Amino acid sequence: MEGKNKQNQRKRPLTGSFRADGEPLDLVEYEKAGGYEALRKALKSMAPKDVQEEVKASNLRGRGGAGFPTGQKWSFVPTGEDAPRPRYVVANADEMEPGTFKDRILMENSPHMLIEGMALAAYAIGAEHAYIFLRGEYVRSARALEMALAQARQKNYLGQNVLGSDFFSLEMHIHMSAGRYMCGEETGLLNSLEGKRAMPRTKPPYPQVSGFMGKPTVVNNVETLCNVPHIIRNGAAWFKSLSLGQDGGTKIYGASGRVKRPGAWELPLGTTIREILEGHAGGMRDGYRFRGLMPGGASTEFLVEEHLDLPMDFDSLQKAGSRMGTGTMIIMDDRTCPVGMQISLQSFFARESCGWCTPCREGLPWIVHTLNAIEDGQGEMEDIDLLLEQARLLAPGHTFCALAPGAAEPLLSGVRYFREDFERHVREKRCPWGEG
Amino acid sequence: MLNEQEMAEVEKELAHCENRKTGCIGALKAVQRHRGWISDECLKDMALYLEMTPDELDDVATFYSSIYRRPVGRHVISICDSVSCYTVGYRELLRHISERLQIGPGQTTGDGRFTLLPAACLGVCEKAPAIMIDEDVHGGLEPPGKVDEILDRYK
Amino acid sequence: MDKLEGKTVTVYIEGKPCQVKAEQNMLEACLSLGMDLPYFCWHPAMHSVGACRQCAVKQFKDENDKKGKIVMSCMTQAAEGMRISIKDPEAVKFRAGVIEWLMLNHPHDCPVCDEGGECHLQDMTVMTGHTYRRTRFKKRTHKNQYLGPFINHEMNRCIQCYRCVRFYNHYAGGRDFGVFGAHDNVYFGRHEDGVLESEFSGNLVEVCPTGVFTDRVFKKCYTRKWDLQTAPSICVHCSMGCNIIPGERYGNLRRIRNRYNGEVNGYFICDRGRYGFEFANSPGRIREPYLASGDVSSLAVEGPDGKNKKILAEGEVLPYLKTVIGGAKGIIGIGSPRASLEANYLLRKLAGPGNFCSGFSEAESGLMREMISILSGGPVRTPSLREAAMSDAVLVLGQDVPNTAPMLGLALRQAVRQKPMDRVLRELKIPHWNDYAVRDAMQEERGPLFMASVTGGRLDDIAAGVFHAAPDDIARIGFRVAQALSPNAPRAEGPFSAEALSFADRVAKGLKEAKRPLVVSGTGMGSLALLQAAANIAWALWEGNRNAALSLVAQECNSVGLALLGGTGINDAVRAVEEKRADTVIILENDVFDRLDLPGAEALLRARQVIVLDFLPTHTVNGLPKNHMVSVAGAAVVLPSAPFAEGSGTLVSSEGRAQRFYKVFSAGRAEESWRWLRDLMVDLGMPGSEALFSPDEVLSAMEREFPAMRGIVEAAPASDFRIDGMKVPRQPKRYSGRTAIRAAMDVHEPKPAEDADSPLSFSMEGYDGQPPSPLISRFWAPGWNSVQSVNKFQSEVGGPLRGGDPGRRLIEPSKVKQASYFTDIPGPFAPRGNEFFVVPLYHVFGSEKLSALSPGIGERVPSPYIALNTEDAKSKALSQGEEVRIDFGVVSFRLPVELDPLMPRGAAGFPFGLPGLHGVVLPAWGRISVPGAGAGGQAVE
Ligand SMILES: Cc1cc2nc3c(=O)[nH]c(=O)nc-3n(C[C@H](O)[C@H](O)[C@H](O)COP(=O)(O)O)c2cc1C
Ligand code: SF4
Ligand code: FES
């Protein structure tokens, strides 16, 4: 049993040690599972640069959506004698991407893992303050994290002179968000953390140079950070070996929609879509047929039947014209109206637009109005082209941040794959699914 | 005026902040926990307390969806209208709750018991369709009738 | 990147090489090259934030890159070899898309919108070719707010460029305005209806690219931009010399707009300057020459003030004056710091140099003399407003800058950003134009600004150090700072409080470390010691840093010009009348009750003949009514002079910049004062008067007579200046109704009035290209109907106007090797037991008399009060709002107490210039008592 657990933990480092009852691991349990060994090891035998190098070598890519190599991100933080201080590490625990719930699972079950990951990140960049930017709805996560923070402070994993070291101190706090998808965008997050509207900031300068309070800041996704202790404890080579492809580690994949067993599973990075969908999620529920899916949250392009054997990794999905995003897929079945689904998606993005740049603020509501008209049987054929035109105008670089381009992706691909359904709405002047 | 307890909670929020202004979101949430919503009066009192102007504070307050600048009922039902729930019966659930409580999204029941608000993905997509009442998440509400017993629990 | 200043790079636009400045972004570069590229959120003073996405262009990696990518030109730094295209079809389509989005919810109400015809949104819509509305969905609408007397709000026209918040809050430091809501429901306004507090709120009218914020005063009697007759002018409401464009229609003044002057006011003016003009339309305006005194009763008509008047007909004025002056036993001419140089100079000529009194109060006369001597005799230069805004450390010594020189206050708000901005550029490589990135990187960091003042003020919120004390104590701190900066400066002997010493040390350190330190003071407190202390600091700094600058704020629009003409203080004039050396007094646009205490004014006006030239019925004109403590008769002869917009002339600002203002229109019998005086001189057959016929001749004569005036004729082109033989029109090409205006009287269009005095014409005929900068009477360029057309008049965007900014500096520092320091250091302020040292406190709305007569500004004038230190009040058992009597000898006032914990003990603050509060020259000692408790006496008004 013990041995199987160990093995489980080595294969599924993030979730392998979770308790069966869904309660958070407390400090003792976490330590028993090897927790804080990495932090001890780093403080004892590794220079901050070594930690960065190890993470670089592990090929850990950000799990927040963009997949930026984590070690490289950290290396942009200016260090050295007269580099600006204080520096900050921020865990992006906003998780508001529709269809995504993986970070919540990590925080609810193993809060110390995030704390240790953040402590290591802080050590690696010489930060003395850390924030967990947590979405307001995650009340259970907050409780688990509060408990863990108190325990970690008590055992001096946090606070002044962590574990007796004379060179590393770290304060860590939770910020509960007041709710806006934009808070997940890392620069919007920083503004929000400063008590401002969560408008995104211009890049460059990147947060690593001028971030929270104008000081160097690293923002990482919860899952990204949770991987760090395991990399440091077991080494980059081990971490890479977990994956089926180039990028290191496992991934928490998820599936929601009309599947038999919606949920999330930690699997080797590069597991195929089919295996996740059919193997882990149990395939479609009886009476429902698969029509398509968004592989990694609401802002990724639809994929269809033909893509099911693709490995779920950053590069493969990119090549197929989509993105890995958060790795939590949303399944579209044959009894869901593709137009209605777009209304849900686009209304979300329109409502969550921060209102800063014109294309997003004005373009998305226009898209929503047009979709509603089509759904209500008031659509015209030109409306479909208008949708495509608008979506194309929301390309990356056209807008200030990635929110609107993220909205355009499911729309462009949705019209591409399900155009016939849009046209039927217009022709029949009603929703064939009887919705609207 | 903020009362003692509210002030204490606001101070707790501000404790680790760079300055009073930086902590305004936490402060708004803390006071809202007591009052349900942030009235104009309350906004002004808080602004004074945070060394901000009412305009500066409202600029922030009106941006965030879970700071309420209008009165809400005793319980706030946030119904997830995002894509996962949408595919798994959101519309039926909304219709059901609306009919049962006789309110649409954005409205409050006549007895001031519930306010129904549309919400972005609640992060429990594996349990779609889902709602959140106050701080409790309720998932798997298909068929929608399941929600009746839950609503009864909130007086 | 910090070495980019002044470097140029070659960029390729549409494949053609162009030289542009390396520190610019590509939008600035394109506009500077004269290209048309639409934009909204970028503003030349507030720079780039990348919100509107209107300025999109295509950028290519190299000449082989045919695909390129869309970038925002305003967020793209120019770089050697950069290739962009404005005309690229994808970029063109995207920009058209942006306008289409912006117009989705726009009400399309141009015909009823005050912005119509000078609307940046209209211009950009046309520029991008958006003509057809495709959407069929409902528009979202907003409610509008009441924002006070100056600004009208129509939120439905908003295109969310965020310029308003960026100006009002971030640039001008306002805190009662904001943006609310999110997504497509963002709202710009206040958290609730109410008056916008900032004295710069009016700039929203020009900053907003559409009709959300429009001029509420203009709206009262609205006219399209193209129906306004306009001429270049100078603001008369403080000494900063901001350039303005007044607009006239149907014989009255309708509005003031900013006139860009890169060195002076740039893109902005304050609300006093924008909304103060309505005094010129006031019903009380003196519009005809008249006699007013008992001896004309047989002929008299009743004036509105209940006095007997005899209007003098066209041919009667000069003969009458001739007999008066001919029969005079000595004349005294009293000049005015609010009258033009020309008028003051001619009065001096008429009365004779020995009989010319400046019209300053005795104290101010001395202060102004000192100010001129410090600025021209010392080694330190006085900066323009642009230069002041570039300072990286500032000490304000005793002057209430926001209330006496609002635009200098705005400059100082920018100055505190300089040092952090330098750091951000150096350390983080964030260019200054990347506005929000700079602000995010800076956070609350501010450069050193130190405020030493009598009481709290509107710059304290951004100051690194604040010190409140009586004027003498502030001066002492100043001397102490100078001492800390240079061993050559005199020692300021103790005692000093620990707080004072630490403040002085911090100031000295802050100034010393700066690259471009600035010391600001002025005559506002009536303290010579303050001026001298400020000079000592500046000079001490100069010993180690030749970039040190000294800015001294004078009180009125031509205080400096008047001081350059010399003349005695006003007490001399009183003495001359009392000693019967003169029995005739000619008073030029001056209310002597502001310059003299009550007995002095009374004595002066007791002269046999008092001739007043003015446009408003001041107490000098009308006298003080009978119910006053003292009743004083007013003028005997009153001549209607022309307020600024109805006349031309030259003013010298605090910077020492001589600037010409031009007549916008003529109305009735009002004449420029200099013209009345000239005619009189000619009529009197005074020798040489024939050679002073035109303004050019007057200025040349002045220049010959006063070495300090050298260059003044170059402040603007001479009256015979022509471009291709043409004059510069005051009316725009589209000016309508010229024939119709008088059609009821005569179908023949009257010949437009001739203007022999200037190169401007009173018509739309003339040269329609860009005239020399002092003659720009409107900003317009093909396709650019809004104020944004200023771009087309500048040598580069945000830079000087082509051919140089208007005005000619008359005062430059002397090339001395060593400054000769002032050594007269006052002792510590000693409160008196039973008397208070009453100092003037200034109000941006109220302390300047002309503007305060405008109804809008009138609403903002505070009610009178007397400010006392809270402890002082407590010791006298006085509470907030309690009425007390303040007694200055012959004059006393009853005023409510205003408790002010920051006022120094033993001093009291008296609101300067408020209606009814005249007849005492401050500072002065006064006794405060509770009325009814003993001492009788009656208050003034
Ligand atoms: C509109 C928007 C919302 C985002 N929301 C989240 C989020 O909720 N959580 C998250 O980790 N990243 C989110 N991101 C991505 C972050 O900007 C950022 O890339 C990420 O936190 C970096 O972490 P990583 O490098 O560890 O992936 C969002 C991005 C955008 C544009
Ligand atoms: S794309 Fe523009 S409006 Fe949309 S969220 Fe980003 S910055 Fe805001
Ligand atoms: S002007 Fe460049 S984005 Fe607005």
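1. Contact between chains B and C. In this predicted model, 13 residues of chain B touch twelve residues of chain C. The two chains bury about 1000 Å² between them, and 44% of that area is on carbon and sulfur atoms.

2. Polar and charged pairs. Seven residue pairs are in polar contact between chain B and chain C, counting those with both residues at pLDDT 80 or more. Two salt bridges are found across this interface. R175(C) forms a salt bridge with E56(B), and their closest N and O atoms are 2.7 Å apart.

3. The chain B side. Helix 3 (40-49) and helix 4 (54-61) of chain B are the elements that give two or more residues to the side touching chain C. Helix 4 has the largest share, with five residues. By class, this side of chain B has four nonpolar, three polar and six charged residues.

4. Nonpolar cores. The largest nonpolar core has 319 residues, and F188(C), L408(C) and F910(C) have the most contacts inside it. Helix 17 (residues 403-428) of chain A gives the most to this core, namely ten residues. Another core, of 113 residues, lies apart from it and includes L321(C), F360(C), L841(C) and M903(C).

5. Around F188(C). Leaving out residues up to four places away in sequence, F188(C) touches H153(C), M155(C), C158(C), Q160(C), Y162(C), C164(C), V165(C), F177(C), G178(C), V179(C) and F213(C).

6. A covered helix. In helix 21 (residues 598-605) of chain C, seven of the eight residues are buried. Among the buried residues are L598(C), L604(C) and L605(C), along with E602(C).

Note on methods
Residues numbered from 1 in each chain as written. Chains lettered and ligands numbered in written order. Predicted model: local features only at pLDDT ≥ 70, side-chain atom pairs only at ≥ 80, totals over all residues. Heavy atoms only, no water. Core = buried A, V, L, I, M, F, W, Y, C linked by side-chain atoms within 4.5 Å. Buried < 20%, exposed > 50% of the residue type's maximum accessible area, 1.4 Å probe, protein only. Helix = DSSP H or I, 4+ residues; strand = E, 2+ residues; numbered from the N terminus. Contact = heavy atoms within 4.5 Å. Buried area = accessible area lost by both parts, 1.4 Å probe. Salt bridge = Lys/Arg side-chain N within 4 Å of Asp/Glu carboxyl O. Polar contact = N/O pair within 3.5 Å; in protein donor to acceptor, adjacent residues only side chain to side chain. Nonpolar A, V, L, I, M, F, W, Y, C, P; charged D, E, K, R; others polar.
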